[in-house]
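Colleague: I am new to this model and would like to know what stands behind the terms used for it. Please show it to me, and then I will ask.

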Amino acid sequence: MKITFPYMGPVLVYKKLLERLGHEVIMPPRPSQRTIELGAKYSPEFICFPFKIILGSYLEALELGAEVIITTGFIGACRAVYYGDLSERILRQLGYPVKVIVFDSPAEGLQSFIRNCREIGNGRPLPEVAVTLNLVVRLIYASDYFQKQINHLRPYELCPGTADRKWQEIQALLESCANLKQLKHAVKEGGRIITAIPINKQREVLKVGLVGEIYLVMEGCSNNEIELKLARLGVEVVRHQYISNWFNNFFFPPRKLLREAKTYLKYAVGGHEQENIGHILEFKKRNFDGVIHLLPFGCMPELVTQTIIPALTTELDLPILSLSLDEQMGWVNNQIRLEAFVELLWTRRQLLKEENDAQFICRG
Amino acid sequence: MNLRQKKLTIGIPNTLFSSYHLSFWRQWITLSGMEAVLSDPSDIETASRGGRRLPHEFCIPVKVFLGHILNLLEKEVDLILLPQMISSGKTNYFCPKLIGLPEIVRYTTGLGAKRLFSPEVSCDGLRLQVSKFPTLGPALNWRMKAATRQANVVWEGLLAKCRMERLTLPEAAGELQPNYLGNRLNIGLLGYAYSLYDPFISKGIVNLLYKFRAKLTTWEMLDPLEIEGPLAGLTRPLFWNFGRMLLGAGLKFLNDPSIDGLIYVTAFGCGPDSVATKILSIEAGQRERPFLQINLDEHQEDGHLRTRLEAFCDMLTALKEE
């Protein structure tokens with residue numbers, strides 16, 4: 001059974017999981033302009049951008065010979081619920097005899113969850129599966145930990161591009177781990193690689209939070225590497241959307257964060273809108289210079305957030321830039337908006353500093 | 001508040017949720033001893049006033065809705081009806097934009113929560129359930145509770161009338177006159193009530209089709225079981241309650257040989273419809289049934305719409321004559 005999966009988050013780890021369960025894995029290529037064009041061509045016109053990218057990457061994986069796609073689903077008001085089902089219909093219509101296995105949360109359908117697990121488990125004994133899962137989950141956490149470090153260091157690096165090269169090295173290192181002992185060793189080695197990146201800690205950088213639709217925030221290929229572009233402009237980008245954070249939030253919902261967000265938006269509307277509002281409030285508390293909000297064109301939950309954002313900006317006195325992205329690959333207009341935003345943040349910081357100085361002098 | 005002196009006036013925006021449940025809300029408010037005031041019919045001014053206050057990606061129904069709210073504010077009503085839609089059960093949701101409607105209105109118009117009359121409502125597509133009443137004093141609350149059942153009876157009576165006499169919702173409510181000119185064709189017409197039956201948003205598609213001597217069949221005219229039947233065959237039927245009715249009705253029409261063709265009327269950027277229309281168009285393609293999808297937005301020119309509808313009707317007639 002040649003298996004593939006959507007390109008999202010630490011893909012190498014998913015590959016490892018499926019390979020250890022004895023499947024032949026067709027790695028989906030990293031989404032490129034061709035992927036997006038392919039996806040947009042066969043998707044419904046008004047469906048959200050992430051669906052188009054994912055459909056495109058399925059098509060590329062099918063060209064490489066994949067037969068089965070595994071993906072996750074849930075039940076809710078967001079269109080992401082139908083990604084698996086709709087892509088299966090579209091791919092079948094295009095003539096690919098593909099099978100899509102959708103993993104729902106076990107709370108929403110225990111039977112189908114167990115059936116899916118059996119199918120993916122490939123008859124492996126349970127203890128072996130448990131060992132593999134343990135390793136894979138730890139790998140995801142390790143990978144996200146290093147990615148956070150890299151994102152933190154990127155604006156400070158002396159030679160642009162070093163951090164990203166080192167990130168590739170760390171990924172290769174993590175991929176080669178076959179057991180927990182090797183993972184422990186790899187984490188140590190990764191730490192050494194990170195401390196060896198030459199940085200200029202004295203450099204003054206802006207701190208900007210990144211919130212929005214999870215796929216656009218997580219995947220550099222969908223947001224035109226916005227984190228890298230901001231780092232070049234001297235901005236440190238902090239985001240809370242990683243697969244490991246998603247796990248944490250799934251098992252332990254961030255109650256305090258959601259409670260604060262509920263004063264702005266009473267009911268969850270289907271996506272991550274309440275979490276995003278909570279994160280914006282948290283970024284303000286941590287004294288960030290600004291926030292960038294990414295949404296796919298026509299995203300239903302994030303549009304609700306977008307209507308609340310002007311009120312948040314005035315109430316919190318925090319600049320927030322909403323960027324709506326779709327398959328139009330021209331980036332120049334967004335680049336100009338980013339540069340103008342960064343310029344504005346620098347001016348604000350300067351003015352705040354002058355104000356503080358003036359107060360200090362007046363007080364004598 | 002002394003009720004004997006002056007009745008509390010509640011403004012009902014006559015679009016979006018009221019396009020479905022106007023009879024319910026009007027009955028509910030009157031029975032509770034308040035006065036219902038309707039907003040004026042939508043026009044280009046309504047849409048552009050609402051649209052200026054919203055992010056531009058919103059679909060036209062929401063833009064028009066905000067225009068209706070602004071219109072009601074000018075009428076100086078005491079409160080504005082804005083139900084908080086919540087889901088009942090695990091597989092029954094409203095579109096996210098409808099769930100977030102109270103927040104959208106509050107943050108774009110600056111209306112305080114005190115001016116909004118927001119009962120919490122869930123709906124399985126047919127029956128409305130009010131789960132939380134706005135606090136307006138014990139006497140009024142008691143009356144509102146009592147009125148819910150009666151209002152539901154009125155609403156269900158209206159639906160039954162649609163089914164019995166083969167009328168669309170506004171025709172059964174007496175707001176529009178059915179305008180039959182013949183039944184050369186039988187067209188399955190799908191679309192949300194707020195875009196299809198609002199002559200401004202739909203640019204009078206219903207009347208145009210009547211002019212082409214078509215008989216219309218819509219979801220209101222079907223028995224709920226006929227809608228649920230084809231949905232049971234799907235691995236994952238839609239979870240949006242209004243969209244679910246349309247998909248079920250659409251699949252039923254595809255299986256029904258007495259329906260000559262399907263027209264799905266949707267709004268530019270409508271999220272639920274992007275899924276529903278794709279499923280329907282794939283199914284229609286497999287069964288070789290004619291299927292036309294029309295996207296609506298603020299553009300006022302309707303020449304192209306006329307041409308497309310006419311061409312579609314001509315094609316159906318030619319097919320039928322073959």
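Colleague: How many residues of domain 1 of chain B are in contact with domain 2 of chain B?

Modeller: This is a predicted model. In it, 30 residues of domain 1 of chain B are in contact with 32 residues of domain 2 of chain B. A pair of residues is in contact if their C-beta atoms lie within 7 Å. The domain assignment puts domain 1 at 9–163 and domain 2 at 167–321, and their centres, taken over C-alpha atoms, are separated by 25 Å.

Colleague: Which helices supply the side of domain 1 of chain B that touches domain 2 of chain B?

Modeller: Helix H1 (17–31), helix H2 (44–53), helix H3 (60–74) and helix H6 (138–165) of chain B each supply at least two residues. H6(B) has the largest share of that side, five residues. By class, that side of domain 1 of chain B has 17 nonpolar, eight polar and five charged residues.

Colleague: Why is H12(B) called roughly parallel to H13(B)?

Modeller: Helix H12 (residues 241–255) and helix H13 (residues 271–287) of chain B pack at an angle of about 10°, and their axes are 10 Å apart. Angles under 35 degrees count as roughly parallel, so H12(B) is roughly parallel to H13(B). Among the residues that meet are B:Gly243, B:Leu246 and B:Leu247 in H12(B) and B:Pro272, B:Asp273 and B:Ala276 in H13(B). The contact of H12(B) with H13(B) has nine nonpolar, two polar and three charged residues.

Colleague: What makes H2(A) and H3(A) roughly perpendicular to each other?

Modeller: The axes of helix H2 (residues 33–42) and helix H3 (residues 49–63) of chain A cross at roughly 105° and come within 7 Å. Angles of 65 to 115 degrees count as roughly perpendicular, and therefore H2(A) and H3(A) are described that way. Residues that meet include A:Thr35 and A:Ile36 in H2(A), with A:Lys52 and A:Ile53 in H3(A). This contact of H2(A) with H3(A) has seven nonpolar, four polar and two charged residues.

Colleague: Why is strand S6 of chain A said to be largely enclosed by the rest of the structure?

Modeller: A residue is buried if 20 or more other C-beta atoms lie within 10 Å of its own. Four of the five residues of strand S6 (residues 235–239) of chain A are buried, so S6(A) is largely enclosed by the rest of the structure. Strand S5 (residues 206–212) of chain A pairs with S6(A) in the parallel sense over five bridges. A:Val237 in S6(A) is the bridge partner of A:Val208.

Colleague: What makes S4(B) and S7(B) edge strands?

Modeller: Strand S4 (84–85) and strand S7 (128–132) of chain B each pair on one side only. They belong to an open sheet of three strands with mixed pairing, in the order S4-S6-S7. S4(B) and strand S6 (residues 120–123) of chain B pair in the parallel sense over two bridges. Pairing of strands takes at least two bridges. B:Gln84 stands opposite B:Glu120 in S6(B).

Colleague: How many residues of chain A are in contact with chain B?

Modeller: 30 residues of chain A are in contact with 31 residues of chain B. On the side of chain A that touches chain B, helix H4 (83–93) and helix H14 (300–316) of chain A each supply at least two residues. H14(A) gives the most, with eight residues.

Key. Residues numbered from 1 in each chain as written. Chains lettered and ligands numbered in written order. Predicted model: local features only at pLDDT ≥ 70, side-chain atom pairs only at ≥ 80, totals over all residues. Contact = placed C-beta atoms within 7 Å. Axes fitted to C-alpha atoms, helices over the stretch in contact; angles between N-to-C directions. Parallel < 35°, antiparallel > 145°, perpendicular 65-115°, else oblique. Nonpolar A, V, L, I, M, F, W, Y, C, P; charged D, E, K, R; others polar. Buried ≥ 20, exposed ≤ 12 C-beta atoms within 10 Å, placed from the backbone. Domains from an automatic or database assignment.
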